[in-house]
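Me: Could you walk me through this one with me, starting from the charged side chains and moving on from there? I'd like to go a piece at a time.

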Amino acid sequence: TAGVAEMLVQSQTGVIQVLPALPSVWPEGAVDGLRARGAVTVGVTWRSGRATEIRIDADHGGTLRVQSPLLSRFRLIDVDNGRSVSWSRESADTIRFHARSGGSYRITH
């Protein structure tokens with residue numbers, strides 16, 4: 001089970017990597033409830049082998065770093081108030097943003 005979870009979300013390097021090793025036999029799917037380091041719960045929906053939505057629930061406040069090809073063009077929304085969240089780009093596929101304690105976030109196209 002842990003191996004399957006690692007194919008979908010990894011966080012050993014301080015970055016939440018979404019779908020780092022998705023098998024080609026799973027072109028579409030969704031998963032919720034995967035735990036990442038830093039007391040974060042992650043969910044992701046994908047089609048054609050690419051993330052279409054990333055869901056993040058932060059138990060504690062602080063800086064989160066997220067990596068995914070979805071992050072070339074996207075919207076980052078605070079689910080609790082429906083507002084866009086400020087973020088900064090670290091690389092073409094990695095962003096950083098500040099999460100509130102207990103905050104829920106959605107990254108979509």
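Me: Is Glu 53 buried, exposed or partly exposed?
Reply: In this predicted model, Glu 53 counts as partly exposed, with a relative accessibility of 23%.

Me: And which residue does Glu 53 form a salt bridge with?
Reply: Glu 53 forms a salt bridge with Arg 55, and the closest N and O atoms of the two are 2.6 Å apart. Arg 55 counts as buried, because its relative accessible area is 11% and the cut-off for buried is under 20%.

Me: How many salt bridges does a search of the whole structure find?
Reply: The search finds 8 salt bridges. One of them is between the side chains of Asp 57 and Arg 106, at 3.9 Å from N to O. Asp 57 lies in strand β5 and Arg 106 in strand β11, so this pair ties together parts that are 49 residues apart in sequence. Asp 57 is partly exposed at 28% relative accessibility, and Arg 106 is partly exposed with a relative accessible area of 22%.

Me: OK, over to the strands, then. How do β5 and β11 pair?
Reply: Strand β5, residues 50–58, and strand β11, residues 104–108, pair in the antiparallel sense over 5 bridges. As for individual residues, Ile 54 has Ile 107 in β11 as its bridge partner.

Me: What is the strand order of the sheet?
Reply: The order is β3-β4-β5-β11-β7-β8, in an open sheet of 6 strands with antiparallel pairing. The edges are taken by β3 (29–36) and β8 (83–84), each of which has a single partner strand, so one side of each is left without a neighbour in the sheet.

Me: Changing topic: how many aromatic pairs are there?
Reply: The count comes to 2 aromatic pairs. One of them is formed by Phe 74 and Trp 87, a tilted pair with 4.8 Å centre to centre and 45° between the planes. Phe 74 lies in the loop between β6 (62–67) and β7 (75–78), and Trp 87 in the loop between β8 and β9 (88–91), so the pair ties together parts that are 13 residues apart in sequence.

Me: Is Phe 74 buried or exposed? And what about Trp 87?
Reply: Phe 74 counts as buried at 14% relative accessibility, while Trp 87 counts as partly exposed at 38%.

Me: What about phi of Ala 39?
Reply: Phi of Ala 39 is near 60°, again a positive value in a residue other than glycine. Ala 39 sits in the loop between β3 and β4 (40–47), and at 17% relative accessibility Ala 39 counts as buried.

Conventions
Residues are numbered from 1 along each chain as its sequence is written. This is a predicted model: local features need pLDDT of at least 70, side-chain atom pairs count only at pLDDT 80 or more; totals for chains, interfaces and linings use all residues. Side-chain values use heavy atoms; hydrogens and water are left out. Two strands pair if DSSP finds at least two bridges between them. Helices (H or I, at least four residues) and strands (E, at least two) are DSSP runs, numbered from the N terminus. Rings of Phe, Tyr and Trp (its six-membered ring) pair if their centres lie within 6.5 Å; planes under 30 degrees apart count as stacked, over 60 as edge-to-face and the rest as tilted. Buried means under 20% relative accessible area, exposed over 50%, partly exposed in between (1.4 Å probe, protein chains only). A salt bridge is a side-chain nitrogen of Lys or Arg within 4 Å of a carboxyl oxygen of Asp or Glu.
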